[in-house]
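Q: Hi! Could you walk me through this one while I look at it?

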Amino acid sequence: MLDENDLFGLLDELVEPPLLLILDGVQDPHNLGACLRSADAAGVHAVIAPKDRSVSLTRTVRMIACGAAEKVPFVRVTNLARTMKELQEAGVWLVGTAADSSRSLYDIDLSLPVAFVMGSEGRGLRRLTRERCDFLVSIPMAGSVESLNVSVASGICLFETLRQRAK
């Protein structure tokens with residue numbers, strides 16, 4: 001786990017565009033573990049979450065993550081909105097996910113420095129977090145369900161980024 005002060009040092013050392021995952025209030029340890037596992041598989045540089053109202057790296061999280069919790073830097077921040085603003089100032093585009101967005105995930109350029117902002121179970125993104133995002137996107141779905149589990153949605157977004165960056 002990284003201290004929030006170390007996040008920008010980590011970004012300064014990158015030779016490729018940053019790929020970050022921001023989790024806004026994910027409380028289920030199984031979801032965090034699965035998000036960390038997908039983040040590791042997709043080459044995410046850091047996973048960021050608020051210290052309050054979100055799960056930390058518990059034993060269950062580590063078990064579900066299957067080793068990814070020890071590989072992917074996990075940064076717990078005191079003020080998520082402030083950290084998001086600082087990321088924007090550092091040139092990172094914040095892409096929030098929202099089922100009600102008319103813009104598709106597949107219609108944005110993910111080759112740029114990007115942080116996906118994922119909402120909590122049931123509630124989605126908090127108002128201030130949502131307002132801080134540069135873009136809101138939805139994941140096109142053909143079935144009857146209205147939303148996806150946060151770990152599934154994270155995986156889709158992260159691997160679309162890999163697909164675009166591999167071109």
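A: Happy to, and one definition before we start: two strands pair if DSSP finds at least two bridges between them. Helices (H or I, at least four residues) and strands (E, at least two) are DSSP runs, numbered from the N terminus. This is a predicted model, where local features need pLDDT of at least 70 and side-chain atom pairs count only at pLDDT 80 or more, while totals for chains, interfaces and linings use all residues. Residues are numbered from 1 along each chain as its sequence is written, and side-chain values use heavy atoms, with hydrogens and water left out.

Q: Good. Which residue does Leu94 stand opposite in S5?

A: Leu94 stands opposite Ala115. The two strands involved, S4 (residues 93-97) and S5, run parallel and are joined by four bridges.

Q: And what's the strand order in the open sheet?

A: The order is S3-S2-S1-S5-S4-S6, six strands with parallel pairing. Strand S3 (74-77) and strand S6 (135-137) are at the edges with a single partner strand each, so one side of each has no neighbour in the sheet. On average, neighbouring strands are turned by 25 degrees against each other, direction ignored. For angles in general, axes are lines fitted to C-alpha atoms, for helices over the stretch in contact, and angles run from 0 to 180 degrees between N-to-C directions.

Q: How many bridges join S2 to S3?

A: Four, and the two strands run parallel. Ile48 of that pairing stands opposite Val75 in S3. From S2 the chain crosses through helix H3 (residues 59-65) to S3, a right-handed β-α-β crossover. Right-handed here means that, with the strands pointing away from the viewer, the path from the first strand over the helix to the second runs clockwise.

Q: What about helices on the sheet: which strands does H2 lie across?

A: Helix H2 (residues 29-42) lies across strand S1 (19-24), strand S2 (46-50) and S3, running at about 170 degrees to S1. Helix H4 (residues 80-89) packs on the sheet too, touching S1, S2, S3, S4 and S5, and its direction makes about 160 degrees with that of S1. Contact means heavy atoms within 4.5 Å.

Q: Now H6. What do its buried residues pack against?

A: They pack against S1, H2, S4 and S5. Among the buried residues of H6 are Val150, Ala153, Cys157, Leu158 and Glu160. Helix H6 (residues 150-165) has 16 residues and should span 22 Å at 1.5 Å a residue; its end C-alpha atoms are 23 Å apart, which agrees. The expected span is 1.5 Å times one less than the number of residues.

Q: Switching to loops, where is Gly124?

A: Gly124 is in the loop between strand S5 (114-119) and helix H5 (127-132). Not counting residues up to four places away in sequence, Gly124 touches Asp24 and Gly119. Gly124 and Gly25 are 99 residues apart in sequence, yet 8.7 Å apart in space, C-alpha to C-alpha.

Q: Which phi values should I look at?

A: Arg53, in the loop between S2 and H3, has a positive phi near 55 degrees. Cys66 has a positive phi of about 55 degrees although it is not a glycine, and Cys66 lies in the loop between H3 and S3. Most residues other than glycine have a negative phi.

Q: Are those two buried or exposed?

A: Arg53 counts as exposed at 60% relative accessibility, and Cys66 is exposed with a relative accessible area of 51%.

Q: Last one: how many helices and strands in the protein chain?

A: Six helices and six strands, in the pattern α-β-α-β-α-β-α-β-β-α-β-α along the sequence. Of the 167 residues, 47% count as buried.

Key
Buried means under 20% relative accessible area, exposed over 50%, partly exposed in between (1.4 Å probe, protein chains only).
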